[in-house]
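Please open the structure in a viewer and keep the sequence at hand.

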Amino acid sequence: MALNSVKETVASTATDAFEATAPDTTAPPVEVLISGAGPTGLALGIDLARRGVTALVVERQPTLSRGARGTGMQPRTQEVYDDLGVLPAARAAGGLYPPMALWEDGRIAHTHQMIVRVAPTPSTPYSDALMLPQWRNVELLHDRLRELGGSVHLSTELTGFTQDTDGVIARLTGPDGDVRTVRARYLVACDGGGSTIRKQLAVPMSGPELAPGHAVLADVQLDGLDRDHWHRWQLSSGGFLTLLPLAGTDAFQMLAAAASDEPDTSADAIRDLIAEHTHLTRDHVREVLWTSLYRPKAGMADAYRHGRVFLAGDAAHIHSPAGGQGMNTSVQDGYNLGWKLGQVLRHGAPDTLLDTYETERRPIAARILETSTRLHRSGSLHRGRNLHQLDVGYPDSPLSRELRTDLPDGALTAGDRAPDAPCTTADGAPTHLFDVFRGPHFTVLALDAPDLDPTPLTRAAGATPVRTVHTAGPAPDLLDPDGHLHAAYGTTPTVFLIRPDGYVAVAAPPKTAEAAITEALTTHFSAAPVAV
């Protein structure tokens, strides 16, 4: 997508408001401007692209993110990647975490499984954390974005913006130093913990205090260690050093939490750290590929929306890496916001639908912030299924409506994640519910409700894509020969409206389902049908 090349001559700082030159009205229109091409911005860009929403993704760095950084992709994020069309490539490029090996006196003293393995079930096909270096993660997301016709403008920094009731005018400084302006209907800040956009909006961050300190991160190629373990050395100072073999590469990720008054991230300093705290020598380190310094921070933006501007990912919340929650929470921010922007921009949904982004996602960030902070302070090395984010849901959302009564404990209810289930098509071909859900549409799952007529729902939805599937009647769409679908969704006839992001919006008895789903579609998700 070509950017408007009108030069901006007004000097200002990145956080100052500016009087923008009017954008070139002959340039292709931009509906959503995304600042930042990390996992959050790229996932959002993918979701918008498949909905036909015109998005412009800009990244101030000259390349996509380097460094392994956060390597853990939790099961819920894998489900998101499944829907976005990225998971097969991610699973091919990644792998499972190996057991942790604790070294003492130059040998492995004992091992344990730090990240607990969990067997998959019919309702949760992705049950283990997937290790994928972040640089590879963003490459795969970028590849998928390009497949859908999108792109990223590198070396392009958003340095200021103004907004009005109709949109945002942003100033973009490109690789040649020219300043261009672009007008967009909405702006999404995916520009990290030091977000320029959040600072310009003057949105405060609040959260727990973490003890001061630092850790040095590095991606290194080295000899002398097996790749079957995640190696750890406990230091007499109370710190530690770990070397994690990165799946799909010949590199290790080093994390050194070692006392130092003046942390050094140079290649020589990395070699010195490894030689000082392990049995390896400097010569074992063949190459230092990337380094970074981490200082513990935790906080959450007091508001996620400011007019036409939204905060997502690290721009909205910063977590300790303990528990591997930050990147996953960030991607799911983009996934929550993407379909809502699509409904407003393409299908006439009211602007109030966008308010539910903060309503739904900010409490999740608060929960994750508490979890990661607790793990950070405890130093616990155990990582179980409580970190998989499969229990993330929105039962208190204004978009969730549960109309059944006398439900058994543990029943699937409105606001919950819609589980998978192996089943078959009417002709006996194997399929999964996730295959039915995959894509930018809503799904009406008529469980043992053969009399539900999809015609009124389609009419109510207008241009919003809605797919109705029946599990019973003279012409069922899905069959449940092994009982997995009923095990996940219950044995009582029920009609579920599944959102595009895989959460239950409405659960209703068949007699009231048509009215309830029609109301949800016309109140929250689509333009009200025109009376004829």
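Begin by selecting helix α6, residues 267-277, in this predicted model. Its buried residues are A269, I270, R271, L273, I274 and H277.

The charged end of R227 sits over the ring of F252, at 4.9 Å from the ring centre. Next, select R232 and F240: here R232 lies over the face of F240, 4.2 Å from the centre of the ring.

Now display the aromatic side chains. The chain holds 10 aromatic pairs. For one of them, select W103 and W233: the ring centres are 5.7 Å apart and the planes stand at 20°, so this pair is stacked, the limit for stacking being under 30 degrees. W103 belongs to strand β4 (residues 100-104) and W233 to strand β13, so the pair ties together parts of the chain that are 130 residues apart in sequence. Are these two residues buried or exposed? W103 has a relative accessibility of 12% and therefore counts as buried; W233 is also buried, with a relative accessible area of 6%.

Proceed to W339 and F525. These two rings form a tilted pair, with 5.7 Å from centre to centre and 55° between the planes. Distant parts of the chain are linked here as well, since W339 lies in helix α7 (residues 326-347) and F525 in helix α12 (residues 510-525), 186 residues apart. Both W339 and F525 are buried. A further selection, Y186, Y304, F310 and Y357, shows one aromatic cluster.

To see the contact from the side of α1, select P39, T40, A43, L44, D47 and L48. On α7, the partners are M327, S330, V331, G334, Y335, L337, G338, W339, L341 and G342.

The next stop is H441, in the loop between α9 (433-437) and β24 (442-447). H441 is buried, with a relative accessible area of 7%. Which residues does H441 touch, apart from its neighbours within four places in sequence? They are V436, P465, R467, R499 and P500. Of these, R499 is 58 residues away from H441 in sequence, yet the two C-alpha atoms are 7.6 Å apart in space.

Finally, select the whole chain. There are 12 helices and 28 strands. Of its 532 residues, 54% are buried. Among contacts between residues at least 6 apart in sequence, 70% join residues at least 24 apart. The link between W103 and W233, 130 residues apart, has already been seen on this tour.

Note on methods: Residues numbered from 1 in each chain as written. Predicted model: local features only at pLDDT ≥ 70, side-chain atom pairs only at ≥ 80, totals over all residues. Heavy atoms only, no water. Buried < 20%, exposed > 50% of the residue type's maximum accessible area, 1.4 Å probe, protein only. Helix = DSSP H or I, 4+ residues; strand = E, 2+ residues; numbered from the N terminus. Phe/Tyr/Trp six-rings, centres within 6.5 Å; stacked < 30°, edge-to-face > 60°. Lys NZ or Arg CZ within 6 Å of the ring centre and 35° of its normal. Contact = heavy atoms within 4.5 Å.
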